[in-house]
Amino acid sequence: MSPNTPDGAETVAEVGEFGLIERVTRGRAQPRTTLLGPGDDAAVVAAPDGRVVAGNDVLVEGVHFRFDWSTPQHVGRKAVAVNLADIAAMGAEPTAVLVGIACPPGTPAAVIEELTAGMWQEAARAGVGIVGGDMTQSATLVISLTALGDLRGRAPVTRAGARPGDVLAVAGKLGWSAAGLAVLGRGFRSPVSVVGAHRAPEPPYAAGPAAADAGATAMIDVSDGLLADLGHLCAASTVAIDVRSDLIEVHQRLVDVASALGGDPRHWVLTGGEDHALAATFPDPHGVPEGWRVIGTVGRGQGVTVDGAVYAGAGGWQHWR
C-alpha cells in the first residue's frame, strides 16, 4: 500500500489533477531537444535523425517496488532508469520521457511530488526532459513511462545481429540489485551502496551509443538477469553464447554481503535482475570501447552456457510465473 496520509496532509484528491500536474512540472528545465514541453495537448520533441526510438515500461506497487523498502524518490528514479536503459540498448541517445501515473484518491500529494522529483533527477542524469503525460485514479499506484531516443545516424543495434566469432561484453553493474534485494528481504538496510543499487539502479546510458559506434552487432538491457537476457539475444540471433566465469567481475562488496547472508555472489551476478547493465557482442575484442569488459564468446548452436556447461537455476524473472 502507499504510505499512509499524515494528519492534515493533502491528498491527490484534494489538490486535484491539474493542481498536481502544475506542482510537479513548475520550474523544471528542459534540454534543447524539447521544443514544446508540458502544458499543451501533446509535446514536441526534436528528432534530428528522422527516426524515433520508443520504449515503454509499467511499474506496479507491490510488484516492482515497495514503499517500505524504497522512498518515492527512489521509485521515481528507478521508473525512469528502467525505461531509458532500453533506449540505450538500441544504441540510441535518450531524448525525452512521457509519464503516466495512476493512484488511489487518498494518496498523499507529497508522495507524488517526491516520486516525480526522483523522475526529474534521473532524467537530468541522462540529459533528457520529462515532456508530458497523464494522471488518473486507480485502486493501486501504477507508473507507466514511455521513453524516446534518437539514433543520430546510427543503425539500431538489435538483439538479432550476433555472429559466431564475436565476443560478449558488458557495461555497468551486475549482481548489485539482487544483493540489495537479499539484504532488504532479511530486514536490513545496509550496506547502503548495495541497497541503493536495488532501490535506484544507474544504467550506463552513454555505453549504448558508444557500443553502436564501435560496431556492436547485438545488444540488450540486462533487466531480468544476465543469463536470462543473453538467452533472448541467442534466440534472436540463432547463436550460442558461452560466459567465462574467470572473466566475471565480482565486487568485494558483493562477496562481503554474500558471506554475511550465506548467499552466492556469483549467482547474483549471473542471474540477478534489475541492474540494467548492458550486454553486447562485438566482432573484434580489440574494438570493445572503454567502459565495456569482455566476459565471453559467441559460437554456433543455441542457448547460453557458463564455462561450457548449462548453469543451473538461470531462469530469470518472468511475470505470471
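Student: Is D57 buried, partly exposed or exposed?
Tutor: In this predicted model, D57 counts as partly exposed, because its relative accessibility is 24% and the buried class ends under 20%.

Student: Where is D57 in the fold, and what is D57 in contact with?
Tutor: D57 belongs to strand 3, which covers residues 53-60. Once neighbours within four places in sequence are set aside, D57 is in contact with V82, N83 and D86, and also with I143, S144 and L145.

Student: Which residues does UniProt list under "binding site" along with D57?
Tutor: The unreviewed UniProt entry lists D57 and D134 for "binding site". From this set, D134 is part of the lining of the second largest pocket.

Student: OK, so where is D134, and which residues does D134 touch?
Tutor: D134 sits in strand 5, residues 129-137, and, leaving out residues up to four places away in sequence, D134 touches E17, V99, G100 and I101. With a relative accessibility of 45%, D134 counts as partly exposed.

Student: Where else does UniProt place a "binding site" feature?
Tutor: The unreviewed UniProt entry also places that feature at D224. D224 is in the loop that runs between strand 8 (218-222) and helix 8, and D224 is partly exposed because its relative accessible area is 21%, with the buried class ending under 20%.

Student: Which residues have the most contacts inside the largest nonpolar core?
Tutor: The largest nonpolar core has 38 residues, and those with the most contacts inside it are L226, L230, I241, V243 and A279. Apart from that core lies another one of 37 residues, which includes V82, A92, V99 and A109.

Student: And what does A279 touch?
Tutor: Not counting residues up to four places away in sequence, A279 touches, among others, L168, A169 and V170, then A218, M219, I220 and V222, and also L226, L230 and W292.

Student: Changing topic to the backbone: which residues does the cis peptide bond join?
Tutor: The cis peptide bond joins S190 and P191, with omega at about 10°. P191 lies in the loop between helix 5 (176-185) and helix 6 (192-199).

Student: Which residues in helix 6 are buried, and what covers them?
Tutor: In helix 6 the buried residues are V194, V195, A197, H198 and R199. Their cover includes helix 3 (72-89), helix 5 and helix 9 (252-261).

Student: What is phi for T238, and where is T238?
Tutor: T238 has a phi near 50°, which is a positive value in a residue other than glycine. T238 is placed in the loop between helix 8 and strand 9 (240-243), and T238 counts as exposed because its relative accessibility is 58%.

Student: And what is phi for E274?
Tutor: For E274, phi is near 70°, again a positive value in a residue other than glycine. E274 lies in the loop between helix 10 (265-271) and strand 10 (277-282), and at 23% relative accessibility E274 counts as partly exposed.

Student: Let's zoom out. How many helices and strands does the protein chain have, and what does the chain span?
Tutor: The protein chain has 10 helices and 12 strands, and its C-alpha trace spans about 60 × 50 × 30 Å along the principal axes.

Student: How does the radius of gyration fit with a compact globule?
Tutor: A compact globule with 321 residues would have a radius of gyration near 20 Å, and the protein chain has 20 Å, so the two agree. Buried residues make up 47% of the 321 residues. Of the contacts with a separation of 6 or more, 84% come from residues 24 or more positions apart.

Note on methods
Residues numbered from 1 in each chain as written. Predicted model: local features only at pLDDT ≥ 70, side-chain atom pairs only at ≥ 80, totals over all residues. Heavy atoms only, no water. UniProt positions renumbered as here; feature names shortened; annotations may be inferred. 1 Å grid on protein atoms, 1.4 Å probe; cavity = no way out; pocket = protein on both sides within 12 Å on 5 of 7 lines; lining within 4 Å. Helix = DSSP H or I, 4+ residues; strand = E, 2+ residues; numbered from the N terminus. Buried < 20%, exposed > 50% of the residue type's maximum accessible area, 1.4 Å probe, protein only. Contact = heavy atoms within 4.5 Å. Rg over C-alpha atoms; globule rule 2.2 N^0.38 Å. Core = buried A, V, L, I, M, F, W, Y, C linked by side-chain atoms within 4.5 Å.
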